[in-house]
Amino acid sequence: VPYQVETIGDTSFYNSKVTKVTIEEGITSIGKSVFSSCYSLTDIDIPKSVTSIGDGAFSGCSSLSSINIPENVTSIGNGAFEYCSKLKNIDIPKSVTAIGAGAFNVCTNLKSIMFACARKNAPKGMPWGAPATAKMLFLEDAISFDHNVTDISGEYARNINISASAKLLPRSASTGYIAQIDLPDGTTVRVGDVRWPTNGTKKVYKAETNGTYTFKGLSSAGIETVCDVVMDDIGKPTVTAQDGEMSEYDAQRASKQDVCTIVNAAATDSLNKAVLCTISDTDLAKVQALKSGQSTPVTVVATNTGIKDVTGNADIKSEKIVNVKAVATPKYEVKFMDFDGKELQKDTLDFGAAITVPSSPTRVGYTFTGWTPSIDKTMPAKDVKYTATYSINSYTAIFADYDGTELQKDTIAFGAAITEPKTPVRNGYTFTGWTPAVDKTMPAKDVTYTATYSTNSYTAIFADYDGT
């Protein structure tokens, strides 16, 4: 509405679909039913130049949830705001001296009307059709609150340090005191017999549970003022965590505790006691689905069991959102070595991959017994080397006579010295050795050495009686 206009005439915007109105400075009067039945109107800016709001000016503006009545308005007409069902609170400046009948008829959600004046100076006709539940508040008669909250060492509790002060204005030299305290569990503590000084002296109330503590003050004029103090941190954990990375392999196999470890999750409560951290099944599934280069937010939750939250219905908890990123699974080298340092097999594998073992190696005179150290089932997070181990074999060495008679039988470790038996004797023969030739050390097989002989020759003499 432009500044050249001084008065907005009656029913100018009646039943229009306007949603927002800005009235320029210079307009002094809003006529009768100007915005009546503007069901879509949600926002209106009234300038300080306006001095009167006519009958039914905003009646039926059912979408209007708030309105600012400027300082210079002196009169509000009959039914000016009737059927404004979304209005909750209205402030009336001191300049208003007249409010018409039914000004607030059927304002079903109206909670309070705050007057800048004292009750004795308010316009006549209260409550002008407002619901019986709507509070009539008078700024000059009300008391004000001030408070702070401090910890109680070693306890799940807080001290609410609160004071009530009355406004000492020329026309309203009132005093104030706390009448009652409504506790989170619905219990009311009556403290009307304790006069709270108007000099701001602090009183202390010990809050032992989370929830809303409502302090209700009364001025000497009988006007009630409330102060809500919300406790939502008694026993509440403090969570610390930071973004973390894990390999794709680890992510796929991660547990909730693994994820909490990666993000350095920790929590303590108000008594500095450790509180267990975890994540949800849904967040764990997201982490387990990560591929290299991908990330996902996870919510670290710390719950202090047995301490109720502000709703009173659950254990109190705190949360912190961090990101978990999957990185490429690292690769490591695995070598299989023989006893003499010879490389039998070398592979480069992803961490956690299955290790393929080579065929069992062979060694003359020995039996393969395994690998040292023991082979990991999957690739560890380091280069590894496995060395073949063996046990030495033993074999049988038999020394036999010409006729197969066993002269000596020994079981000898491979490579050990072979001890020959005593030289055998055969009538009419001379021992010449063994066949095959006796090995100096035990070969990698059973062996039989057989005695060999040469035939002896002898002289046969035939002599006469006289020796001839």
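Phenylalanine 414 has a relative accessible area of 23% and is therefore partly exposed; accessibility is classed as buried under 20%, exposed over 50% and partly exposed in between, with a 1.4 Å probe and protein chains only. The model is predicted, so that local features require a pLDDT of at least 70 and side-chain atom pairs count only at pLDDT 80 or more, whereas totals for chains, interfaces and linings use all residues. Residues are numbered from 1 along each chain as its sequence is written, and side-chain values rest on heavy atoms, with hydrogens and water left out.

Aromatic contacts were examined next. A pair of aromatic rings is described by the distance of the centres and the angle of the planes. Because tyrosine 249 belongs to helix 1 (residues 248-252) and phenylalanine 351 to the loop between strand 27 (343-350) and strand 28 (366-372), the pair ties together parts that are 102 residues apart in sequence. Helices (H or I, at least four residues) and strands (E, at least two) are DSSP runs, numbered from the N terminus. Tyrosine 249 counts as buried at 17% relative accessibility, and phenylalanine 351 is buried with a relative accessible area of 18%.

A further aromatic pair joins tyrosine 366 to phenylalanine 414; this pair is edge-to-face, at 6.1 Å centre to centre and 75° between the planes. Tyrosine 366 lies in strand 28 and phenylalanine 414 in the loop between strand 31 and strand 32, so parts 48 residues apart in sequence are tied together. Tyrosine 366 is partly exposed, its relative accessible area being 24%. Both residues belong to a cluster linked by ring pairs, which comprises Phe336, Phe339, Tyr366, Phe368, Trp371, Tyr386, Tyr390 and Phe414.

Side chains of opposite charge can pair when their charged atoms come close. The structure contains 11 salt bridges, each defined as a side-chain nitrogen of Lys or Arg within 4 Å of a carboxyl oxygen of Asp or Glu. Aspartate 151 is bridged to arginine 158, with 3.1 Å between the closest N and O atoms. Aspartate 151 is exposed, with a relative accessible area of 56%, whereas arginine 158 counts as buried at 6% relative accessibility. Between aspartate 182 and lysine 216, the closest N and O atoms of the salt bridge are 3.0 Å apart. This pair links distant parts of the chain, with aspartate 182 in strand 15 (residues 176-182) and lysine 216 in strand 18 (residues 211-219), 34 residues apart. Aspartate 182 is buried at a relative accessible area of 17%, and lysine 216 likewise counts as buried at 18%. In the salt bridge of glutamate 208 with lysine 206, the closest N and O atoms are 3.6 Å apart; lysine 206 counts as partly exposed at 34% relative accessibility. Glu333, Lys335, Glu343 and Lys346 are linked in a network of salt bridges.

Arginine 426 occupies the loop between strand 31 (406-413) and strand 32 (429-435). Arginine 426 is buried but has no salt bridge, and the nearest side chain of opposite charge, that of aspartate 401, is 6.5 Å away. In assigning charge, Lys and Arg count as positive and Asp and Glu as negative, while His and the chain ends are not counted.

An open sheet is formed by four strands in the order 21-25-24-23, with mixed pairing. Strand 21 (244-247) and strand 23 (277-278) stand at the edges with a single partner strand each, so one side of each has no neighbour in the sheet. Strand 21 pairs with strand 25 (residues 315-327) in the parallel sense over four bridges; pairing requires that DSSP find at least two bridges between two strands. Glycine 244 stands opposite valine 324 in strand 25. Helix 3 (residues 281-288) packs on this sheet, where it touches strand 21, strand 24 (295-308) and strand 25, and its direction makes about 155° with that of strand 24. Axes are lines fitted to C-alpha atoms, for helices over the stretch in contact, and angles run from 0 to 180 degrees between N-to-C directions. Serine 280 is located in the loop between strand 23 and helix 3 and counts as partly exposed at 33% relative accessibility. Serine 280 and threonine 268 are separated by 12 residues in sequence and by 19 Å in space, C-alpha to C-alpha.

Note on methods:
Contact = heavy atoms within 4.5 Å. Phe/Tyr/Trp six-rings, centres within 6.5 Å; stacked < 30°, edge-to-face > 60°.
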